[in-house]
Amino acid sequence: MTPADSPLSTPSAPLLDHLRPQLRRWPPFSAMRDEDVDAFLAQACQLYFEPCEVLIAPAHGVPESVFLLRQGTVQRRHGAAGTGDALAFGPGELLPLAAVLGRRPVSATYTALDDVFVLAIAASELEALARRSPPLAEFLHGRIQALLAQSQQALQLQLSSQALSQQAM
């Protein structure tokens, strides 16, 4: 089920009281106003992924939702299982933020390593919330800048390696 498929309802006060402190442990929620955290929670739906279940893969196209990992571990792997690089994500991570913000498919497969619970929010809802929540907007902007810097470093490393290979010939 995606957030777009789920019925919109306002979470009960006890549910908000339970989830709000959990979100407050992680950026950007730790810097956001209560009403903005509550707005995030009101727009999100909880999803469960069993071990080895794929959350999202390149074949799924452009992601429509961002997942806030509440519990469990998610592995991001480039290439086939057993090959390529892998990175694990834990609670508090927003996935796949780069693909959602870049409006492009993910470049890796995200798989649950154990029981995973996420809060999924539609990309359009996250963007609307960022327009009214400066801490969220700053966080998203910072993530974009960090991702651009990582891409630039990877490109520079690749070009340096190519140049060294050509000099060795």
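## Ground rules and overall layout

Helices (H or I, at least four residues) and strands (E, at least two) are DSSP runs, numbered from the N terminus. On that basis, the chain reads α-α-β-β-β-β-β-β-α-β-β-α-α along the sequence, which comes to 5 helices and 8 strands. This is a predicted model, where local features need pLDDT of at least 70 and side-chain atom pairs count only at pLDDT 80 or more, while totals for chains, interfaces and linings use all residues. Residues are numbered from 1 along each chain as its sequence is written, and side-chain values use heavy atoms, with hydrogens and water left out.

Now for some chain totals. Of the 169 residues, 37% are buried (buried means under 20% relative accessible area, exposed over 50%, partly exposed in between, with a 1.4 Å probe and protein chains only). The chain exposes about 9,600 Å², and carbon and sulfur atoms supply 56% of that (areas come from the Shrake-Rupley method with a 1.4 Å probe; for residues, only the protein chains shown count as cover). As for contacts (heavy atoms within 4.5 Å), take those with a separation of 6 or more: 73% of them join residues 24 or more positions apart.

## The sheet

Four strands make an open, antiparallel sheet in the order β1-β8-β3-β6; two strands count as paired if DSSP finds at least two bridges between them. At the edges sit β1 (45-49) and β6 (94-95), each pairing on one side only. Strand β3 (residues 65-71) runs antiparallel to β8 (residues 116-122) over 6 bridges, and Leu69 stands opposite Val118 in β8.

On to β1, which is joined to β8 by 5 bridges, again antiparallel. Here Cys45 faces Ala120 in β8 as its opposite number.

Helix α4 (residues 123-132) lies across β3 and β8, running at about 70° to β8. For that angle, axes are lines fitted to C-alpha atoms, for helices over the stretch in contact, and angles run from 0 to 180 degrees between N-to-C directions.

Which residues of α4 are buried? They are Ala123, Leu126, Leu129 and Ala130. Seen down the axis of α4, its buried residues fall within an arc of 125°, so they line one face of the helix (the arc is that of the directions from the helix axis to the C-beta atoms).

## Two nonpolar cores

A nonpolar core here is a set of buried Ala, Val, Leu, Ile, Met, Phe, Trp, Tyr and Cys residues joined through side-chain atoms within 4.5 Å. The largest has 26 residues, and Leu23, Phe40, Leu41, Leu68, Leu97, Leu126 and Leu140 touch the most other members. Two or more residues come from each of α1 (13-24), α2 (34-43), β3, α3 (97-102), β8, α4 and α5 (134-168). A second, separate core of 17 residues includes Cys45, Leu47, Phe67 and Leu95.

Most residues other than glycine have a negative phi, and most peptide bonds are trans. There are exceptions to look at here. A cis peptide bond joins Pro27 and Pro28, with omega about 5°; Pro28 is in the loop between α1 and α2. Another cis bond joins Leu95 and Pro96, with omega about -20°, and Pro96 is in the loop between β6 and α3.

On the phi side, Cys52 is near 75° and lies in the loop between β1 and β2 (54-56). Cys52 is exposed, with a relative accessible area of 66%. Arg103 also has a positive phi, about 50°, without being a glycine; the loop between α3 and β7 holds Arg103, which is exposed at a relative accessible area of 56%.

Thr111 belongs to strand β7 (residues 109-112) and is buried, with a relative accessible area of 18%. Apart from neighbours within four places in sequence, Thr111 contacts Cys52, Glu53, Val54, Leu55, Thr73, Val74 and Gln75.

Gly102 is in helix α3 and is partly exposed, at a relative accessible area of 45%.
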